[in-house]
Amino acid sequence: MKSDRVVIVGGGVIGLCSAYYALKRGLAVTVIEREEAGGDNCSMGNAGMIVPSHFTPLAAPGMISKGLRWMFNPESPFYVRPRLSPDLMRWGWLFYRHSTERHVATSRELLRDLSLESRRLFAELSDEEDFGLAQRGLLMLCKTQKGLDEEAHVAKEAHEIGLQAEVLNAAATSQLDPAITMNVAGAVYFPQDCHLSPSRFMASIRKRVIAAGGIIESGVIVDHIETRGGQVVAVTGNGRRFEGDQFVVAGGSWSAGLLKSVGLNLPLQAGKGYSLTLPSPPELPQLCSIFAEAKVAITPMDGSLRFGGTMEVGGLDLSINPARVRGIVKSVHAYFPKFSEKDFEGIKPWAGLRPVSPDGVPYLGPVPGLKNLLASTGHAMMGLSLGPVSGRLVADLLIGDTPFRPIDAMSPGRF
């Protein structure tokens, strides 16, 4: 049943997209964001990729052993900071339990459908206002033949579920993006992937929310969910109280702490990522790409070039680890030989916290025991990519519409 007043906790891409699509359905929306207006949240400094190619969940066979090897390299793309935390131990155990072929097989069509629908919505939004959407595809660049063979296997799996993918040798890779000099064995090309400027998209969606009558309350840290009679009646923060008929928690990595106060022990860890943006790169590719072995994402944005990577699980900590940043910088010359470490001198690294579920599937749906509270978080590296579809699904649930496909596997209460 439609309720008129919706309060959304979280002003990142998931929260703002939820607000936008709820407003389009005729609901009154207030968004509460931690940062000051237009602040630098996790949606701003990411790689800006829309990736149907990422249909394999983070919890997959081989990830545990690979992660353990990386743990001993301070410059590796993955690190878990050891600490005595029951929440971290539970998350790790669930990650281990879901790193199976069976889980991959049961999750990949869901992730495919979410990504393709989000891509369609991005194109629809771009037709209304330009925010730098480039529908040119993505190159998964492989330095070694072993890496290319592994990515070719992913391409085969993509074909099995109806996605487009093409395995290229080194010459064909260079022909596809001649603007950049590459030293690679080859690549897998995913033509359905896209890229954009996150800051331009966030500014656009924020403007749409305000133009549609949405209210955005900035610089408010929500610290309490007030409940009565099995439903939420208000959220409070900074000495202020916000009442509503329906509520959405879309607070990224901070969602778990807030939901724990209403009895949901949501397995969620913050995965810190870094990015560095060169305003005047030596060369500027036309396609976004990923260094397959180094796990570094590269995106051209309005004449600049962004390099992003790492998954550092260490709590709600936004401090910069220089070793992780060095790992990103050192990888660049190996794939793009015209670049050197000197190109990054004086470039300030950005850090953001991605909310990571233990099975690699986002949380989206009703919070058990509270009939008017939804959660939408746990999107990990795909928060921007899945922003529009997540927002549209939240709006569907708020007004009681049936989602475009079953989403039971995304239930916040599944663990």
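**Close-up views of a predicted model**

**View 1. The second largest pocket has a volume of about 430 Å³.** The model is a predicted one, in which local features need pLDDT of at least 70 and side-chain atom pairs count only at pLDDT 80 or more, whereas totals for chains, interfaces and linings use all residues. Residues are numbered from 1 along each chain as its sequence is written, and side-chain values use heavy atoms, with hydrogens and water left out. Lining this pocket are 20 residues, of which Ile 64, Phe 78, Val 80, Trp 91 and Gly 92 lie nearest its centre. At least two lining residues come from each of helix 2 (63-70), strand 4 (78-80), helix 3 and strand 17; helix 3 gives the largest share, six residues. The lining comprises 16 nonpolar, two polar and two charged residues (nonpolar: Ala, Val, Leu, Ile, Met, Phe, Trp, Tyr, Cys and Pro; charged: Asp, Glu, Lys and Arg; polar: the others, Gly among them). A pocket is an open set of points on a 1 Å grid over the protein atoms alone, with protein on both sides within 12 Å along at least five of seven lines; a cavity is a set where a 1.4 Å probe fits but cannot get out, and lining residues have an atom within 4 Å of a point. Points are joined across faces, edges and corners, and a volume is the space filled by probe spheres set on them. Helices (H or I, at least four residues) and strands (E, at least two) are DSSP runs, numbered from the N terminus.

**View 2. The structure holds one cavity of 30 Å³ or more.** The volume of the largest cavity is about 50 Å³. Its lining is formed by Asp 87, Arg 90, Trp 91, Asn 265, Leu 266, Pro 267, Leu 268 and Gln 269. Helix 3 (residues 86-98) contributes the largest share, three residues. By class, four lining residues are nonpolar, two polar and two charged.

**View 3. Phe 291 and Tyr 335 form a stacked aromatic pair, 4.1 Å centre to centre with 5° between the planes.** Phe 291 belongs to strand 15 (residues 288-291) and Tyr 335 to helix 9 (residues 322-335), 44 residues apart. Both Phe 291 and Tyr 335 are buried (under 20% relative accessible area, with exposed over 50% and partly exposed in between; 1.4 Å probe, protein chains only). Phe 307 and Phe 339 make an edge-to-face pair, at 5.9 Å centre to centre and 70° between the planes. Because Phe 307 lies in strand 17 (residues 304-313) and Phe 339 in the loop between helix 9 and strand 18 (350-356), this pair ties together parts that are 32 residues apart in sequence. Ring pairs link Phe 291, Phe 307, Tyr 335, Phe 336, Phe 339 and Phe 344 into a cluster. Rings of Phe, Tyr and Trp (its six-membered ring) pair if their centres lie within 6.5 Å; planes under 30 degrees apart count as stacked, over 60 as edge-to-face and the rest as tilted.

**View 4. Val 209 is placed in helix 7 (residues 198-211).** Val 209 is buried, with a relative accessible area of 0%. Apart from neighbours within four places in sequence, Val 209 is in contact with Leu 16, Ala 19, Tyr 20, Leu 23, Gly 214 and Ile 216 (contact: heavy atoms within 4.5 Å).
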